[in-house]
Amino acid sequence: MAFLEISGLRKSYGDHEVLRGIDLAVERHQVICLIGASGSGKSTLLRCINALETIDAGQIGLDGEVVSGAGVDVNLLRRDVGMVFQSYNLFPHMNVIDNVTLAPIRLGGLSREQATAKATALLERVGLADKAKAFPDRLSGGQQQRVAIVRTLAMEPRVLLLDEITAALDPELVAEVLGIVRQLAAEGMTMLLATHEMGFAREVADTVCFLHQGSLLEMGPPEQIFTEPAEERTRMFLKSIIAAGRL
Ligand SMILES: Nc1ncnc2c1ncn2[C@@H]1O[C@H](COP(=O)(O)OP(=O)(O)O)[C@@H](O)[C@H]1O
Ligand SMILES: [Mg+2]
């Protein structure tokens with residue numbers, strides 16, 4: 001069994017089946033990029049893995065344990081599986097250090113001193129040590145997203161889910177966020193990321209998965225998916241991306 005194993009995953013909203021039987025195996029230290037048109041199901045898949053959505057069928061396993069369905073402790077699960085969103089979602093009424101230390105103190109069992117030391121080290125790593133006391137509205141989008149990543153890392157997740165984390169950023173701020181993801185990949189973090197940054201996916205992914213209307217239509221190494229996709233749908237998607245100047 002793979003480290004993170006998704007099998008037969010189905011999810012519907014009403015009578016709209018959004019995920020139509022997803023099978024995906026992610027090994028430790030792998031970086032998987034999910035690509036596909038808007039509405040293809042990328043966010044829903046990530047949200048199901050993090051138990052932000054219930055699933056209708058199938059199973060999700062993490063390190064040999066079932067982490068889907070009834071009876072799963074979602075707080076424990078989310079400690080192992082961290083997620084970062086397009087829209088940062090920092091707590092606006094808390095400064096940076098409080099944003100980062102909240103969960104480690106409340107859920108992770110750390111003292112304030114321990115949590116602060118850890119948060120400070122992480123903020124240093126992403127070049128934001130001087131922003132510890134700043135409130136989110138004083139930070140650029142790129143800085144807020146870096147704090148959001150740090151906040152997730154502070155819980156020492158075993159898997160990181162990243163949902164279009166650069167999509168809301170001005171172009172000049174994308175690189176500073178992708179730089180952190182690149183660093184995490186180099187350190188061996190297991191990651192599953194939905195992205196429209198095809199150049200980045202090509203560079204950082206071990207495997208690229210193309211989702212189409214809720215099905216994982218094609219997957220393979222970036223070289224193959226980006227240069228000789230097997231499926232006509234994948235080819236059409238890449239063509240549209242190239243036409244938009246995004247590849
Ligand atoms: N909470 C929801 N209720 C109803 N439909 C939803 C909900 N969330 C997503 N959908 C629908 O599910 C489909 C997949 O959405 P999503 O997973 O967000 O795709 P992607 O992230 O690839 O753009 C879309 O048709 C979307 O409208
Ligand atoms: Mg999405």
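**Reading a predicted fold**

Biologist: How does E164 count at 9% relative accessibility, as buried or exposed?

Modeller: E164 counts as buried, because its relative accessibility is 9%. Buried means under 20% relative accessible area, exposed over 50%, and partly exposed in between, with a 1.4 Å probe and protein chains only. This is a predicted model, where local features need pLDDT of at least 70 and side-chain atom pairs count only at pLDDT 80 or more, while totals for chains, interfaces and linings use all residues. Residues are numbered from 1 along each chain as its sequence is written, chains are lettered from A and ligands numbered from 1 in the order in which they are written, and side-chain values use heavy atoms, leaving out hydrogens and water.

Biologist: Where does E164 lie?

Modeller: Look in the loop between β7 and α6. Helices (H or I, at least four residues) and strands (E, at least two) are DSSP runs, numbered from the N terminus. Here β7 covers 159–163 and α6 covers 171–186.

Biologist: What is the phi of E164?

Modeller: Most residues other than glycine have a negative phi. E164 is not a glycine, yet its phi is positive, about 50°. E156 also has a positive phi of about 50° without being a glycine. That residue lies in the loop between α5 and β7, and E156 is exposed, with a relative accessible area of 53%.

Biologist: How do I read the pair α5 and α6, and at what angle do their axes cross?

Modeller: Axes are lines fitted to C-alpha atoms, for helices over the stretch in contact, with angles from 0 to 180 degrees between N-to-C directions. The axes of α5 (residues 141–153) and α6 come within 8 Å and cross at roughly 20°. That makes α5 roughly parallel to α6: angles under 35 degrees count so, over 145 as roughly antiparallel, 65 to 115 as roughly perpendicular and the rest as oblique. Among the residues making the contact are I149 and L153 of α5 and V177 and I180 of α6. By class, six are nonpolar, four polar and two charged. Ala, Val, Leu, Ile, Met, Phe, Trp, Tyr, Cys and Pro count as nonpolar, Asp, Glu, Lys and Arg as charged, and the others, Gly among them, as polar.

Biologist: What about α3 and α4, at what angle do they cross?

Modeller: The axes of α3 (residues 96–106) and α4 (residues 112–125) come within 9 Å and cross at roughly 125°, and are therefore oblique to each other. Their crossing is right-handed. The contact includes V100 and I105 of α3 and A115 and L123 of α4, and its residues divide into eight nonpolar, three polar and two charged.

Biologist: And the whole protein chain: how many helices and strands does it have?

Modeller: Nine helices and ten strands. Buried residues make up 50% of its 247 residues. Its radius of gyration, 18 Å, agrees with the value near 18 Å for a compact globule of 247 residues, taken over C-alpha atoms with the rule 2.2 Å times the number of residues to the power 0.38.

Definitions and conventions:
Contact = heavy atoms within 4.5 Å. Left-handed = near helix turned anticlockwise from the far one by under 90°.
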